[in-house]
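Please keep the sequence and the structure in view while reading.

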Amino acid sequence: MREGDAHRITEVIAHPLTHRLPAPTQTSWGRYDRVSIMLVEVRTDTGIIGFGESLARFAPCAYAELVETALAPRLIGRDPRHIGANWALMRRALSGRAGGMLIEAIAGIDIALWDIAGKASGQPIWRLLQGEGTPAVPVYAASVGWGDDDRAAEEEAVDFVGRGFTSLKVKIGAPVIAACRRIERIRAAVGDRVELTADANWAYDLDCAIAVGQALARNGYTWFEEPLRPEDEDGYRALHRRCEVPLAAGESNYTLDQAAPLVTDQTLSVLQPNITRSGGITETLRMARLAAAHGVAYAPHVGMSGIVCEAASLHVAAAMPNTRIMECPCSANLFKSELADLAPGAARAEGGMLAVPEGPGLGLEINRDALLRMKALALEEVA
């Protein structure tokens, strides 16, 4: 398609999706037996359709209403290739500081616009980003779950290693003594050649985080993820001074200005935005580039998101020079295994590496039967 061709947005459709997890997932936040996302479909007058994903873990129908009433009307008739201008226009839909549902909703539309841009040019998104063009990205298995059963956690870690992963994430929480025991037992189970990281999901205050950080250092863990509340920037700086293990965070950030303070002063060694929360590809790129400018590694967070999140994250990771590694969730998740024709990363990874899709746009096609089935469950919950 030539630059001058007519190319306008005709529809923006929000699909709230829910599915019950085949096996519950547990973190320090709690136990999850179901999870939700929002898939966004953007249609154009040329017949090109783009898909994006929003991190709408709870109440996905509320996100869909926000898209349909506040964002879609602003976009109809606009050129989808003017991605930056469209992002700024959507940001003005609500006043106040940026964050929350608005930026997560924008993320879904933004990813869909990049998908359209790639399809219109016949190129995968990573080529449009004109970055490193890495054909495969290092990944770590996520995650060894948190809970009372240390033996089950050890078996899970050993299983990940047996599947070819050389890097694993271990969930930890309170009490501190249980976390320290888990840290030691997982290291003993997998040996010294496997890279281990730990994710606390904000479980600690500063004193507890310092104690856990000491256990991580003794056992050779690579980073300490989200030990404190994301708002506690002074706490992160204090922990950085007193903890030998590098700090990682960022999945809770929505925009560049929220990520910037702990990146520019290098309190964080690893920045981990989730592309379906952090404003989509457009805003995530700004974060990753800022991190690169300050010598901070980029490690995309994926978590319980879907295959669109995983694919979009792969494209950005392939383009960035500071990509350290990307999360590769291994628990059963129908958003990854059934929603598109691209197999989930956990099934495609080889030798700790995950190939970047080569097809135009995101490089996947959505399974509409699965979409309709998961949408019916989301709508059933509010009926």
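Ile-13 stands opposite Glu-41 of strand β2. The model is a predicted one, in which local features require pLDDT of at least 70 and side-chain atom pairs count only at pLDDT 80 or more, while totals for chains, interfaces and linings use all residues. Residues are numbered from 1 along each chain as its sequence is written, and side-chain values use heavy atoms, with hydrogens and water left out.

Confidence is expressed as pLDDT, the predictor's score for each residue from 0 to 100. The protein chain has a mean pLDDT of 95, with 98% of its residues at 70 or more. Helices (H or I, at least four residues) and strands (E, at least two) are DSSP runs numbered from the N terminus.

Strands β1 and β2 (residues 30–44) run antiparallel and are joined by 14 bridges; two strands count as paired if DSSP finds at least two bridges between them. They belong to an open sheet of three strands in the order β1-β2-β3, with antiparallel pairing. Its edge strands are β1 and β3 (49–54), each of which pairs on one side only. From one strand to the next, the twist averages 20°. In general, the strands of a sheet pair through backbone hydrogen bonds, either parallel or antiparallel.

Two helices lie across these strands. Helix α1 (residues 60–75) lies across β1 and β2, at about 160° to β1. Helix α3 (residues 100–121) lies across β1, β2 and β3, at about 150° to β3. Such angles run from 0 to 180 degrees between N-to-C directions, with axes fitted to C-alpha atoms, for helices over the stretch in contact, where contact means heavy atoms within 4.5 Å.

A further group of strands involves β6 (residues 195–199). Five of the five residues of β6 are buried, so this strand is largely enclosed by the rest of the structure; buried means under 20% relative accessible area (1.4 Å probe, protein chains only). Glu-195, Thr-197 and Asp-199 point one way from β6, and Leu-196 and Ala-198 the other way.

Strand β5 (residues 167–171) pairs with β6 in the parallel sense over five bridges, and Val-170 stands opposite Ala-198. With helix α6 (residues 176–190), β5 and β6 make a right-handed β-α-β unit: with the strands pointing away from the viewer, the path from the first strand over the helix to the second runs clockwise. Strand β7 (residues 224–225) also pairs with β6 in the parallel sense, over two bridges, and Asp-199 faces Glu-225 there.

Conventions. Buried < 20%, exposed > 50% of the residue type's maximum accessible area, 1.4 Å probe, protein only.
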